[in-house]
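Biologist: Please show me the model, and then let us go through it one question at a time.

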Amino acid sequence: MEIKLKHLRRNYGALHAVDDVSLDIPSNTIFGIIGRSGAGKSTLVRLISMLERPDEGEVYYDDKRVDNLEKKELIAQRRRIGMIFQNFNLFSSRNAAENIAYPMEICGQEKKEIDKRVEELLDIVGLSGRGKAPISTLSGGQKQRVAIARALAVNPDILFCDEATSALDPQTTRSILSLLKEIQKKMNLTVVMITHQMEVVRDACDYVAVLDAGRIVEQGKVADVFAKPLSSTTKDFLSNLTNMHESVVRWSEYGGHFTLRFRGSKTDAPIISTVSNETGAIFNIRAAGVQNVNDEEIGIIVCDIGPDKDKQELAIASLRDKGIIVEEEGNGQNA
């Protein structure tokens, strides 16, 4: 199901939580919405999922406007939505199977149908045989798998994930993201992921929108955004990812006035040595690595370029001529 947002606004007093947001979320994709704490992510997902009405603007599911539905039709439309939260929101008084069954019970399905569907879902999320397990005995990753199964119980068209992996360790996060990608492909779902973690966007999403102070400052295919970030907010997210992820190694905390971004086959080419030989420039590399983004290699080098301004300018021109994106610290230039 395709989602379209047109000029959404949501204010809380003087706070513009969502400020003129327009967005197209393609059908049958995983779409990430990333922003810092307070950027307006949670408010936006509440508007998209019809938990709140916007002060202004429109929300469409395919060609149907849904932000102005009457109560009865709104409830019916919400039942076609699945939601996963950071804190799982499971009933501690119910075991795993009973938690998964809950939305089907609300919809009035027969017990035989519910029991069959619960077993199917336990198998899909990798918890076969754990239906009777009390919630208190499950790990964080297992609890999130139960929450995913519950969200899928009514065969939704759209799955919302609001910081769904924030409470999990890195290894468990990767396994949950892998599971969500597998489910999305099998069920042809439109998945909307709200997150503040750029590694979640990199490892799971097809498209991303970057939110800052209630506004979208950048959007596009994830590989395009990683290869050529335009906004300072996106660059900051990527910089923090560079410092923490194992595929990009930083061996000096000092210097690094230039960030070079490579894409695809350029990650295997001896471009630095070629440019150095051509121009006489000297590269002092502070950090480097290659990340896989949607099955495409995106390389990054953080460096200083010398020995003087003339050689530096020649090197930058040569790099850009070879299709390398060069960003200079402090002035926001890139090409």
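Modeller: Accessible areas here come from the Shrake-Rupley method with a 1.4 Å probe, and for residues only the protein chains shown count as cover. On that basis the protein exposes about 15900 Å², of which carbon and sulfur atoms supply 47%. The model is predicted, so that local features need pLDDT of at least 70 and side-chain atom pairs count only at pLDDT 80 or more, while totals for chains, interfaces and linings use all residues. Residues are numbered from 1 along each chain as its sequence is written, and side-chain values use heavy atoms, with hydrogens and water left out.

Biologist: What share of the 335 residues of the protein counts as buried?

Modeller: Buried means under 20% relative accessible area, exposed means over 50%, and partly exposed lies in between, with a 1.4 Å probe and protein chains only. Of the 335 residues, the share that counts as buried is 50%.

Biologist: How many helices and strands make up the secondary structure?

Modeller: Helices (H or I, at least four residues) and strands (E, at least two) are DSSP runs, numbered from the N terminus. Under that assignment the protein comes to 11 helices and 15 strands.

Biologist: Which residues of α1 are buried?

Modeller: Six of the eight residues of α1 are buried, so this helix is largely enclosed by the rest of the structure. T43, for instance, has 13% relative accessibility, and, not counting residues up to four places away in sequence, T43 touches R10, Y12, A17 and V18, where contact means heavy atoms within 4.5 Å. The buried residues of α1 are K41, T43, L44, V45, L47 and I48.

Biologist: Which residues does A39 contact, leaving aside its neighbours within four places in sequence?

Modeller: A39 is found in the loop between β3 (30-35) and α1 (41-48), and with a relative accessible area of 4% it is buried. Leaving aside those neighbours, A39 is in contact with A17, L211, D212, A213 and G214.

Biologist: Why do the buried residues of α10 line one face of the helix?

Modeller: In α10 (residues 271-279), the buried residues are I271, I272, V275 and T279. They line one face because, seen down the helix axis, they fall within an arc of 100 degrees, the arc being that of the directions from the helix axis to the C-beta atoms. What covers them includes β12 (258-263), β13 (282-293), β14 (296-306) and α11 (309-321).

Biologist: Which helix holds both D115 and K111?

Modeller: The side chains of D115 and K111 meet in a salt bridge at 2.9 Å, N to O. D115 is partly exposed at 37% relative accessibility, whereas K111 is exposed, with a relative accessible area of 60%. The two residues are four apart, about one turn, and both lie in helix α4.

Definitions and conventions:
A salt bridge is a side-chain nitrogen of Lys or Arg within 4 Å of a carboxyl oxygen of Asp or Glu.
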